[in-house]
Amino acid sequence: MTDLSLYRNIGIFAHVDAGKTTTTERILKLTGKIHKIGEVHDGAATTDFMAQEQERGITIQSAATTCFWKDHRFNIIDTPGHVDFTIEVYRSLKVLDGGIGVFCGSGGVEPQSETNWRYANDSKVARIIYVNKLDRIGADFFRVVKQVEDVLGAVPVVLTIPIGQEDKFVGVVDLLTRKAWIWDDSGDPLKYEIKDVPEEMVEEMEKWRDKLIDQVADQDDEVMEKYLEGEEPDVEAIKRCIRKGTIHLDFFPTFCGSSFKNKGVQLILDGVVDYLPNPTEVQPQPEVDIEGNPSGEYAIVDPSRPLRSLVFKIMDDRFGALNFVRIYSGRLKKGDTLLNTFTGKTERVGRMVEMHANDRSEIETAQAGDIVALIGLKNVQTGHTLCDPDKPATLEPMVFPDPVISVAISPKDKGSNEKMGIALGKMVQEDPSFHVETDEESGECILKGMGELHLDIKVDILRRTHGVDVIVGKPQVAYRETITKRVEDEYTHKKQSGGSGQYGKINYVIEPMEPGNGFIFESAVTGGNVPREFWPAVEKGFKSMLDKGVLAGFPCLDFKVILTDGAFHAVDSSAIAFEIAAKAAFRQTIPKAGPQLLEPIMKVDTFTPDAHVGDVIGDLNRRRGMIKSQDPGITGVRVKADVPLSEMFGYIGDLRTMTSGRGQFSMEFSHYMPCPKNVADEVIKEVNERNKNK
């Protein structure tokens, strides 16, 4: 049986371009997993295997790989840094026990680092900090450490300090052992010497070492007592304290180096072994009941307990869907039958593989603590729990943010419709933050995602991977229409053309109602002037007209029709006659009732650093937004507002410009509100022109 204390499930996360993928490459080289280092800028990095990743030099989807260091097994996930793909970071953090937060030595704590740090705090993931790119112009390790304190509200515990700066960066001082690690200029990560610390750095080293012991000694009463009596704790005791505080999220061990120049990466690997938790040292996953409420039970990491595993990612490849699974408890064997608690159906494990980016090796068994990919599952989605059919339980599911941008697409040639549908189905399964809907009003296929880049990549994948060429339209807003005045009116439908004719007369009142009431029909007819059997026909006539308003053809809502009187003919009246009368009555009366255009209002939640609050609020006001609240937090302010959807297109770009890329927002539909006259006139004119050109 595998010793779980030798497992480390870790993720590497950071802002775009801080060096996550390069760091992963160096780790794979040092652990012997790869023999030739691939560079991101050459499009040759192991974990960036999508064509889109290689071209753009960014990571789009998280990639998993396994390697070994000092008898410890590392399951590593390299995550994207771009804000449009934070979903990948979020779902990876959900199944990891520890993480490495990479920060750029010159860029410091950048916007996406904040978002990822917030996600990691929410998921209670222990982390070590790695300040990378210290060979770059403008790199300053101590400035970044200060930023971690100020911007992230975190406590960094410095374990290594740099020797030299920018192009003179040659190595690091290990504060615990008081030794200098110095690499030569060959670029080989294995060509280094461990020497005494340069004389000019001894004083600085002692200052940082004292601070380190100060920060960590209170984790152990015995160590604290000795330290207060003036006795210096030994290295093992200090390591024990650092490990305890790291697992409890009291502080974060902080390292420095340059992954690209192969300097300092060994100490990070040692840090992962020494300070990050193994699967048994993290809080076990809570189990929930059918309604999603906590059941009080936990999936304790133990191979001898019933099987509990969570699907955290689905990837489509040439062999079918790969379901990435984190096993929390129990064992899993090839050929096992599992219960999916979300669907209530069983699934059979056809094959089980260990992933190395997009390469794989077949395995027969896996156990608690492992991250593996399963092949052959039929009806599984991200966030589903796979468990022992005899002892079912559901793990706490993942909550994904709603998409913030949508765009209409259609295939260039009509024959590709079915092909596009199948491709989109696969893409939706892979990415829970990507939604596809068919607009009932226009029949268009609408893609919804987390940002312009997100949808841009999706369209690119459709074209290249699935061979479907599409036309991308601009987003449309779904307006509605209503009335503002009460009108009493009547209408008579008469038609005589030999034989039996058609006759139906109705007297009615149309009046506006409070928002959210839709359409209501009532009859107040007494004395049998309109027989009861014709009332449903009158209601049907009015209802059939609701889909096309008189202003610009948008659906109508929030008004009431009361049938007050009328007349009928014993021979010529019929249900169809009264239905036609009601349709004509709608066309006759709605224009007299002060028709008005309604626009969708969105609940917008914007996160901005303190320095940009004024700009963000001013911009939301310019977009006709109503500010609801401002909630200050450690790293910035959340501004909540109600804003018309039509004013929100392109907002993400403007927000990032205003906040130097640090702002973020989410929005969801709230309600409909009357459109200002100038906006309504513009919309009606645009619709009429569009209809004319059809």
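How many disulfides does the structure hold? It holds zero, where a disulfide is taken as a pair of cysteine sulfur atoms within 2.5 Å. This is a predicted model, in which local features need pLDDT of at least 70 and side-chain atom pairs count only at pLDDT 80 or more, while totals for chains, interfaces and linings use all residues. Residues are numbered from 1 along each chain as its sequence is written, and side-chain values use heavy atoms, with hydrogens and water left out.

Turn next to the aromatic rings. The structure holds 12 aromatic pairs, counted where rings of Phe, Tyr and Trp (its six-membered ring) have centres within 6.5 Å, with planes under 30 degrees apart called stacked, over 60 edge-to-face and the rest tilted. Select Trp-181 and Tyr-192, a stacked pair with 5.1 Å from centre to centre and 20° between the planes. Trp-181 belongs to strand β9 (residues 179-183) and Tyr-192 to strand β10 (residues 192-196), so the pair ties together parts that are 11 residues apart in sequence; strands here are DSSP runs of E with at least two residues, helices are runs of H or I with at least four, and both are numbered from the N terminus. Of the two rings, Trp-181 is buried at 10% relative accessibility, whereas Tyr-192 is partly exposed at 30%.

Now display Phe-103, Trp-117 and Phe-252, which ring pairs link into a cluster.

Finish at strand β33 (residues 559-567), which pairs with strand β31 (residues 502-512) in the antiparallel sense over eight bridges, two strands being paired if DSSP finds at least two bridges between them. Here Ile-506 stands opposite Gly-566 of β33. Strand β32 (residues 519-523) pairs with β33 in the parallel sense, over five bridges, and Glu-522 has Ile-562 in β33 as its bridge partner.

Terms used
Buried < 20%, exposed > 50% of the residue type's maximum accessible area, 1.4 Å probe, protein only.
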